[in-house]
Amino acid sequence: MLNCSLIRLKVICSEQGSLTPIEGTRDIPFEIKRVYYIYGVPDDAVRGFHAHRRLHQVLICLHGSFKVECEFGDEREVYELNSPEYGLYVGPYVWRVMFDFKDDPIVLVLASDYYDESDYIRDYNLFREEVKKLFG
């Protein structure tokens, strides 16, 4: 799917455990300006229901698992994140819904910019209109 894909992250393993380095513009396709994490999510919760106009993000499940339904144009795909070895790149104009949280997940999010409420599209119909206008 355009603007949304899994990224395999580097893993360095030793007898002492595993380490995953993440460097902006090397391991992910943008410079990291903000990092946040989501945790304490009830199993039956559903989150997201928005898109961004400019922001790029990578979602990494550090513990547990969850699913993300992504929509771009007329394409929809569901990704299951259950390993810290993968990140889900979510670019601009991708509507996302996070669900099916299991085993007390911890989700790390790397973002290309600082928080800006005006970048959010929280109304699905407005999202569809903007995507149609921009991408046909």
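Colleague: Which residues are linked in a network of salt bridges?

Modeller: In this predicted model, the network of salt bridges links Glu71, Asp74, Arg76 and Arg128.

Colleague: How far apart are the closest N and O atoms of arginine 76 and glutamate 71?

Modeller: They are 3.0 Å apart, and the two residues form a salt bridge.

Colleague: Is arginine 76 buried or exposed, and is glutamate 71 buried or exposed?

Modeller: Arginine 76 is exposed, with a relative accessible area of 52%. Glutamate 71, by contrast, has a relative accessible area of 4% and is therefore buried, the limit being under 20%.

Colleague: And which residue forms a salt bridge with aspartate 74?

Modeller: That partner is arginine 128, with the closest N and O atoms 3.3 Å apart. The pair links distant parts of the chain, 54 residues apart. Aspartate 74 sits in the loop between β6 (57–72) and β7 (75–81), while arginine 128 belongs to helix α1 (residues 124–135).

Colleague: What is the relative accessibility of aspartate 74, and what is the relative accessible area of arginine 128?

Modeller: Aspartate 74 has 76% relative accessibility and counts as exposed. Arginine 128 has a relative accessible area of 28%, so it is classed as partly exposed.

Colleague: How many salt bridges does the structure hold?

Modeller: There are 12 salt bridges in the structure. One of them joins the side chains of glutamate 117 and arginine 122, at 2.9 Å from N to O. Glutamate 117 is partly exposed at 37% relative accessibility, and arginine 122 is also partly exposed, at 47%.

Colleague: Turning to arginine 96, where is it found?

Modeller: Arginine 96 is found in strand β9, which covers residues 95–111. This arginine is buried yet has no salt bridge.

Colleague: Which backbone oxygen lies 3.1 Å from a polar atom of the arginine 96 side chain?

Modeller: That is the backbone oxygen of valine 94.

Colleague: What else is arginine 96 in contact with, leaving aside neighbours within four places in sequence?

Modeller: Its contacts include Arg47, Gly48, Phe49, His50, Ala51 and His52. Gln57, Val68, Glu69, Val90 and Gly91 are also in contact with arginine 96.

Colleague: Staying with phenylalanine 49, what is its phi?

Modeller: Phi of phenylalanine 49 is near 55°, a positive value in a residue other than glycine. Phenylalanine 49 lies in strand β5 (residues 47–52) and is partly exposed at 42% relative accessibility.

Colleague: And what is the phi of aspartate 104?

Modeller: Aspartate 104 has a positive phi of about 50° although it is not a glycine. Aspartate 104 is found in strand β9 and counts as partly exposed, at 48% relative accessibility.

Colleague: Now the surface: which residues make the nonpolar patch?

Modeller: Tyr37, Tyr39, Leu62 and Ile106 make a nonpolar surface patch of about 440 Å². Isoleucine 106 is in strand β9.

Note on methods: Residues are numbered from 1 along each chain as its sequence is written. This is a predicted model: local features need pLDDT of at least 70, side-chain atom pairs count only at pLDDT 80 or more; totals for chains, interfaces and linings use all residues. Side-chain values use heavy atoms; hydrogens and water are left out. Patches are made of residues with over 30% relative accessible area and no salt bridge: like charges are joined within 9 Å, nonpolar side chains (Val, Leu, Ile, Met, Phe, Trp, Tyr) within 5 Å. Accessible areas come from the Shrake-Rupley method with a 1.4 Å probe; for residues, only the protein chains shown count as cover. A salt bridge is a side-chain nitrogen of Lys or Arg within 4 Å of a carboxyl oxygen of Asp or Glu. Helices (H or I, at least four residues) and strands (E, at least two) are DSSP runs, numbered from the N terminus. Buried means under 20% relative accessible area, exposed over 50%, partly exposed in between (1.4 Å probe, protein chains only). Lys and Arg count as positive and Asp and Glu as negative; His and the chain ends are not counted. A polar contact is a pair of N or O atoms within 3.5 Å; within protein, one must be able to donate a hydrogen and the other to accept it, and residues adjacent in sequence count only if both atoms are side-chain atoms. Contact means heavy atoms within 4.5 Å.
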